[in-house]
Amino acid sequence: MAASSVYRPLVDLLTMEERHVIITYRLDRATIQELCTQLEPDLMSAIRHPTGIPAQVQVLSVLHFLASGSFQTTVAIESGMSQPMFSNVLSRVLSALLKHMRSYIVFPQVEDLPAVKGDFYALGHIPNIIGTIDGTHVALVPRPTGVNRCTETGRVIIQ
């Protein structure tokens, strides 16, 4: 008897409690569903050899990977796919996300920075804040003078 090539999702977003959705994926259910709808044409058209993995499962597995900081193998097993398949899915979903990035990520214009800093200061009394990412503090520091790039090994080239 031949093994079935139909993918059977292990996670059903609609049956998960909202709190668990946010903890697992760091986005709420409505945002995830909107994202899946937006990315589905990119994800399904990118498949040369149909995997049988629905767009929602691809997006959920990648969101879980990004939110957890886990390993590809762990997320792949939890998603019901092999690590090499997850690696392909990760690449496809990230490429699709990049196409739509400007819909979700907005940086303030230089002329707006004083007002943005003032608004953030009024909220939390923390100076020089120009934005937030999921409540995570990210320090932005200027590139040191003379540093041009990093090599593949992580070495900094100074010229």
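The expected span of a helix is 1.5 Å times one less than its number of residues. The legends below describe a predicted model.

**Figure 1. Overall fold of the protein chain.** The predicted chain contains 6 helices and 2 strands. Their order along the sequence is α-α-α-α-α-α-β-β. Of the 159 residues in the protein chain, 25% are buried. Among contacts with a separation of 6 or more, 45% join residues 24 or more positions apart.

**Figure 2. The largest nonpolar core.** This core has 25 residues, and those that touch the most other members are Leu-13, Tyr-25, Ile-32, Leu-43, Val-59, Met-81 and Phe-86. Two or more residues each are given to this core by α1 (18-25), α2 (29-45), α3 (55-68), α4 (72-79) and α5. The largest contribution is that of α3, with 7 residues.

**Figure 3. Contacts of Leu-13.** Neighbours within four places in sequence are left aside here. Leu-13 is then in contact with Val-21, Tyr-25, Arg-29, Ile-32, Gln-33, Gln-56 and Leu-60. Two of these partners, Tyr-25 and Ile-32, are listed together with Leu-13 among the core residues that touch the most other members.

Figure 4. Tyr-104 is located in the loop between α5 (83-99) and α6 (113-124). The relative accessible area of Tyr-104 is 37%, so this residue is classed as partly exposed.

**Figure 5. Helix α6 and the residue that follows.** From its first C-alpha to its last, α6 reaches 16 Å with 12 residues, close to the 16 Å expected at 1.5 Å a residue. Just after α6 comes His-125, with a positive phi of about 60°.

Figure 6. His-125 is not a glycine, yet its phi is positive, at about 60°. Asn-128 is likewise not a glycine, and its phi is about 65°. His-125 counts as exposed because its relative accessibility is 57%, over the 50% cut-off. Asn-128 also counts as exposed, at 57% relative accessibility.

Terms used
Residues numbered from 1 in each chain as written. Predicted model: local features only at pLDDT ≥ 70, side-chain atom pairs only at ≥ 80, totals over all residues. Heavy atoms only, no water. Helix = DSSP H or I, 4+ residues; strand = E, 2+ residues; numbered from the N terminus. Buried < 20%, exposed > 50% of the residue type's maximum accessible area, 1.4 Å probe, protein only. Core = buried A, V, L, I, M, F, W, Y, C linked by side-chain atoms within 4.5 Å. Contact = heavy atoms within 4.5 Å.
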